[in-house]
Amino acid sequence: KDRPRVLSGIQPTSGSFHLGNYLGAVRQWVDLQKENDAFYMVVDLHAITVPQDPATLRQNTRISAAQLLGAGLDPEHCTLFVQSHVPEHAQLAWVMNCLTGFGEASRMTQFKDKSSRYGADSTTVGLFTYPILQIADILLYQADAVPVGEDQRQHVEITRDIAERFNSRYAPVFTIPKPYILKETAKIMDLQDPGIKMSKSASSPKGLVSLLDEAKVSAKKFKSAVTDTGTVVSYDEEQKPGVSNLLRIHSALSGQSVEQLVAHFEGKMYGALKTELAELFAEWVTPFQQRTGAFLDDPAELDRVLAIGAEKARAVASETLATVYDRIGF
Ligand code: ADP
Ligand code: NA
């Protein structure tokens with residue numbers, strides 16, 4: 001390894017990414033690709049933890065890869081691939097399942113949240129063990145850093161525990177990864193309910209900013225974002241969670257600090273912040289959508305990029321898996 005390794009993934013579940021995915025994760029992926037040996041993947045194996053229609057899943061996987069390219073991932077600078085193209089993920093996941101305690105896995109809060117949403121009868125064992133597949137995802141590449149949103153911190157922590165367990169039980173095979181989480185954008189909130197994170201499964205349509213929606217649809221959502229009954233634009237996560245969320249989004253898109261923005265909006269009402277944010281988002285999303293569309297219009301090129309990515313990923317993953325199998329006694 002000549003440079004630090006970075007690994008992360010995103011689900012293709014609903015086709016369009018949302019603003020939380022972009023600001024919490026994908027933007028950091030783009031920033032990290034040049035200085036690091038970066039591996040990024042569309043995690044279709046994770047998608048089938050909940051029911052998927054095959055044709056839709058296939059299409060959404062391509063749309064997801066195109067969005068990652070549209071957001072600025074450059075196959076010259078990173079390895080972009082689809083998880084199911086690299087069979088070692090499922091293979092190492094089995095080993096990880098056998099190293100993880102049932103009680104330990106039961107403490108994963110994402111599972112509690114998601115399973116309560118679907119109900120016990122629709123909850124699969126796959127959903128329960130998905131953090132363990134994620135352990136395999138990360139360790140296969142000997143990742144040093146995992147750029148994710150706050151909701152994934154617990155999964156990186158358990159990955160560290162299991163890597164240490166394997167290293168002490170068998171042999172020092174795995175790099176111990178660290179989460180790479182930027183505080184300001186780690187948790188983008190739902191625009192209608194700033195008490196919950198923006199999420200494709202939990203947000204209402206008005207609370208979720210989808211990157212592939214027409215800019216004017218998103219503009220409406222920004223303009224009708226739930227704030228509070230006050231009028232002064234200031235940052236206060238407790239008293240003004242809605243306004244604070246809009247300020248953090250603005251800051252991330254404009255590059256201005258929250259303090260600068262508060263000064264800028266002095267004497268103006270919430271409407272001014274919302275209008276400016278809608279414009280700022282449109283300026284970013286319009287070229288993003290054009291680039292994404294161009295990749296979708298050239299299926300052969302997308303296939304080529306993903307095939308090269310899978311080959312590069314497999315070279316690393318197969319080496320790790322072979323070492324693991326050997327140390328275990330296979
Ligand atoms: P979702 O949580 O919407 O199902 P994924 O699980 O595919 O999306 O998450 C992809 C990446 O986006 C992860 O790194 C996750 O931490 C990040 N992410 C998801 N929602 C948010 C959010 N509201 N704010 C910041 N980051 C987020
Ligand atoms: Na790179």
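Q: In which helix is Ser64 found?

A: A helix is named here by its number and its residue range. In this predicted model, Ser64 belongs to helix H3, which covers residues 54-70.

Q: Is Ser64 buried or exposed?

A: The value to read is the relative accessibility, and a residue is called buried when it falls under 20%. Ser64 has 0% relative accessibility, so it counts as buried.

Q: Which residues does Ser64 touch, not counting those up to four places away in sequence?

A: Such a list shows which parts of the chain meet at one residue. With residues up to four places away in sequence not counted, Ser64 touches Gln11, Pro12, Gly15, Phe17 and Val42. A distance can also be read between C-alpha atoms: those of Ser64 and Val43 are separated by 9.7 Å, and the two residues are 21 apart along the chain.

Q: What does Asp44 touch, not counting residues up to four places away in sequence?

A: Its partners, with that exclusion, are Pro12, Leu57, Thr61, Val82, Gln83 and Ser84.

Q: Which residues touch the most other members of the largest nonpolar core?

A: A core is read as a set of buried nonpolar residues joined through their side chains. The largest one has 54 residues, and Leu19, Tyr40, Leu68, Phe222 and Phe281 touch the most other members. Helix H12 (residues 270-296) contributes the largest share of this core, nine residues. There is also a second, separate core of 43 residues, with Phe81, Leu92, Ile181 and Leu321 among them.

Q: What is in contact with Phe222, leaving aside its neighbours within four places in sequence?

A: The contacts of Phe222 are Leu19, Leu191, Val209, Leu246, Lys274, Leu277, Ala278 and Phe281.

Q: How many helices and strands are there in the protein chain, and why is the chain described as compact?

A: The chain holds 13 helices and five strands. Its radius of gyration is 20 Å, close to the 20 Å given by the globule rule for 330 residues, so the chain is as compact as a globular protein of that length. The C-alpha trace spans about 70 × 45 × 40 Å along its principal axes.

Q: What do the totals for the whole chain say about burial, contacts, surface and charge?

A: Each total describes the chain from another side. Of the 330 residues, 51% count as buried. Among contacts with a separation of 6 or more, 75% join residues 24 or more positions apart. The chain exposes about 14900 Å², of which carbon and sulfur atoms supply 53%. There are 34 positive and 40 negative charges, and their mean positions are 2 Å apart.

Note on methods: Residues are numbered from 1 along each chain as its sequence is written. Chains are lettered from A and ligands numbered from 1 in the order in which they are written. This is a predicted model: local features need pLDDT of at least 70, side-chain atom pairs count only at pLDDT 80 or more; totals for chains, interfaces and linings use all residues. Side-chain values use heavy atoms; hydrogens and water are left out. Helices (H or I, at least four residues) and strands (E, at least two) are DSSP runs, numbered from the N terminus. The radius of gyration is taken over C-alpha atoms; the globule rule is 2.2 Å times the number of residues to the power 0.38. Buried means under 20% relative accessible area, exposed over 50%, partly exposed in between (1.4 Å probe, protein chains only). Contact means heavy atoms within 4.5 Å. Accessible areas come from the Shrake-Rupley method with a 1.4 Å probe; for residues, only the protein chains shown count as cover. Lys and Arg count as positive and Asp and Glu as negative; His and the chain ends are not counted. The place of a charge is taken as NZ of Lys, CZ of Arg, CG of Asp or CD of Glu. A nonpolar core is a set of buried Ala, Val, Leu, Ile, Met, Phe, Trp, Tyr and Cys residues joined through side-chain atoms within 4.5 Å.
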